[in-house]
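Keep the sequence and the 3D view open as you read.

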Amino acid sequence: MERFFDRHPLCPADVARLVLLLLPDRRPREFILDRTNWKLGQQDVNILLLAVVWREVAIPLLFELLPHGGSSNTKTRHLLLDDVLCLLSCTQTRVLYADREFIGETWIDGLVRRGIPLCVLLRTDTTLDDWRADDWLARLNPEATSLGCEDVEVYGQPMNVVLTWTSDGKPFIVASNTGSVQTIQASYRRRFRIECLFRALKTKGFNLENTHMTLHDHVERLLCLLTIAYVWCVLVGVMQDTKRKAHGRRAWSVISLGLRALIRAFSQPGDQTACSGLRLVALLMPSHTTL
């Protein structure tokens, strides 16, 4: 195992190709960009991660380990997206969701030049045309729940913007250069699927932080393995039947269902269990994945 993490030529780009083969989609794909980090002693482990949405689940696709704590820079983000465009064309990209960490004129201009549509959360000090976003909010009619603005200039680009307040009274400002003002607020909420991904990787399934790995190459290879395992859990989980809650969602997440099914299949002795396990292994063959 030590030799594997020291020397194996496992490549994130190759794993990303496998992910896209295992998760086919005829429609343009939705992506989510976010960052997760933790500390082990004085050492930061800081990961910029791009996820692809498949059947309402965010799945890790490509990532970059940052050599520092804190936010990523524009150049690193653009390079990560260039890696994606080596695997897919911009016409296969429906939208990129990102939170308020991922803003700035150079960043957004780079997305436009690459043909990648954006739906992003803005800060209250962002300028919309000639006014700050918090000035727009201050002029919001007390009886109105939100304010929609079309073709507003945001970081040098024309965007549709929705300004409103969350249930706990915090400003919620979303801008997008794809979709109407009537749809972008609901669309942006799909970004929160990556929070479920991070929980599954860190505390609700794979316990990534508990490995105590901090070396760049070791963490990179570990993330490649976890990506394959995560995809396998998704492929198994979508096949499982489970009860639905009152709001229509599954009582258990697809990841939890898939992980439990895999544990049962490979932890119980018997010929029938072995056959079941082989069928689950077959899901890792692209020809066995359905659209």
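A residue counts as exposed when its relative accessible area is over 50%, and as buried when that area is under 20%. The model shown here is predicted.

**Cysteines**

- A disulfide is a covalent bond between the sulfur atoms of two cysteines.
- To count as one, the two sulfur atoms must lie within 2.5 Å.
- By this rule, the count of disulfides is zero.
- Take Cys86: the closest cysteine sulfur belongs to Cys11, and it is 11 Å away, so the two are too far apart for a bond.
- Cys86 is exposed, because its relative accessibility is 64%.
- For Cys224, the closest cysteine sulfur is also in Cys11. The distance is 7.1 Å, which is too far for a bond.
- Is Cys224 buried or exposed? Cys224 is buried, because its relative accessibility is 0%.

- Asn46 sits in strand β2, which covers residues 43–54.
- With a relative accessible area of 2%, Asn46 is buried.

**Asn46: partners**

- Which side chain makes a polar contact of 3.0 Å with the side chain of Asn46? That side chain belongs to Arg35.
- A polar atom of the Asn46 side chain also lies 2.7 Å from the backbone oxygen of Gly70.

Technical notes:
Residues numbered from 1 in each chain as written. Predicted model: local features only at pLDDT ≥ 70, side-chain atom pairs only at ≥ 80, totals over all residues. Heavy atoms only, no water. Buried < 20%, exposed > 50% of the residue type's maximum accessible area, 1.4 Å probe, protein only. Helix = DSSP H or I, 4+ residues; strand = E, 2+ residues; numbered from the N terminus. Polar contact = N/O pair within 3.5 Å; in protein donor to acceptor, adjacent residues only side chain to side chain.
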